[in-house]
Amino acid sequence: MTTTTVKGPFKADHVGSFLRPKRLKEARLQKQNGEITAAQLRAIEDEEITRLVQKQKEVGLQAVTDGEFRRAWWHFDFLSELVGVELYETEQGIQFNGIQTKAHGIKVIDKVDFDGHPMIEDYKFLHNLAGDHVAKFTIPSPNMLFFRGNISEEVYSDQNAFFDDVIKAYQKAIQAFYDAGCRYLQLDDTAWAVFFSKQGQEQIAQRGYEPKELAKLFTRAINESIENKPEDMVITMHICRGNFRSTYVASGGYDNASEYIFGELKVDGLFLEFDDARSGGFEPLKHVKRDDLQLILGLITSKFGELEDPEKVKGRLQEAAQYVGLDQICLSPQCGFASTEEGNILTEEQQWDKIRHVINIANDVFE
């Protein structure tokens, strides 16, 4: 299999999170109940992450992650450790298709900034395990603080001041990860999905925005956050429609925001959901303007264990290649296997079969 880079994204790649092993789930519960210390929990996390990284190498992945094993949420754990942000108990959880998450949220209680972060040490641990593989780390995009945060008007009466501070905080965070050795960073973002459906469009209006105005804000937040990144650092973005216990939040194709997503964002690669009809077709890819933008197509679902027909997946890759060259296309699952610690409804064995499936199909198509 040929790859265009040794830094990522790779022709066979993955979004990042993996199902939490039973031992880890039990340890986190014990810590919550005061039965073990934070240090004891971390030691168990270290052991399970070490096993996970070894398994990723064994199945043939080139990029390895820590599976987000130290996190309860894909986004809140990072955002709540920024200066001026805290986690709190909400009245109800986030509504998915027929199910709700735990009742947690984040609120902005002071000026947002970055002044060190526990996940820098988390990255260093992963980096030391990676060896000759690429250590990839995932954090929520800056848009998620705006989209999911309860922002105090007493702190930020001016929206531009809020975005200015968030962008500066992310610039510092990106540099801190780079200084720790990170060369492959992924920004996870469900905020873009608000453009994709009629329900989402109504949400935009309820918040007092025009769709184009909000798309420009989201684009600015990403582009300015990454504009000072070192040249040898790859930053990708994963655009998601929600992933909790094998359910979703949003539906709809990329069409309504495709000119911004594919034509304006300055990330090195886009991880895109295309695992079922909810994600629409490939026509929005016609807005891609750059031949160095990698498109990692999530044609393999992480929500269920059944393996996709490999010939159909290969056919869809060729279909996408009508809009951009195969040299710009990669393959991955559409999302991680556990965006929250609960995880999707499939077994660990099925999870690894999915990863092998991605690698085998990519080997056939891109060799």
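**Helix packing and aromatic pairs**

Helix α1 passes α2 in a left-handed crossing, a term for a near helix turned anticlockwise from the far one by less than a right angle, with clockwise giving right-handed. The structure is a predicted model, in which local features need pLDDT of at least 70, side-chain atom pairs count only at pLDDT 80 or more, and totals for chains, interfaces and linings use all residues. Residues are numbered from 1 along each chain as its sequence is written, and side-chain values use heavy atoms, with hydrogens and water left out.

Helices (H or I, at least four residues) and strands (E, at least two) are DSSP runs, numbered from the N terminus. Helix α1 covers residues 22–32 and helix α2 residues 38–59; they pack at about 165° with their axes 10 Å apart. That makes α1 roughly antiparallel to α2 (angles over 145 degrees; under 35 is roughly parallel, 65 to 115 roughly perpendicular and the rest oblique). Axes here are lines fitted to C-alpha atoms, for helices over the stretch in contact, and angles run from 0 to 180 degrees between N-to-C directions. On the α1 side, R23, L24, A27, R28 and K31 meet A38, L41, I44, E45, E47, E48 and R51 of α2, where contact means heavy atoms within 4.5 Å. By class, this contact has 5 nonpolar, no polar and 7 charged residues; Ala, Val, Leu, Ile, Met, Phe, Trp, Tyr, Cys and Pro count as nonpolar, Asp, Glu, Lys and Arg as charged, and the others, Gly among them, as polar.

Helix α2 also packs with α11, at an angle of about 35° and with the axes 10 Å apart. Here α2 passes α11 in a right-handed crossing. L52, K55, Q56 and V59 in α2 meet W352, I355, R356 and I359 in α11.

W352 turns up again among the aromatic residues. It forms a stacked pair with F18, 4.9 Å centre to centre and with 20° between the planes. Rings of Phe, Tyr and Trp (its six-membered ring) pair if their centres lie within 6.5 Å; planes under 30 degrees apart count as stacked, over 60 as edge-to-face and the rest as tilted. F18 lies in the segment before α1 and W352 in helix α11 (residues 348–366), so the pair ties together parts 334 residues apart in sequence. F18 counts as buried at 1% relative accessibility, and W352 does at 7% (buried is under 20% relative accessible area, exposed over 50%, partly exposed in between; 1.4 Å probe, protein chains only).
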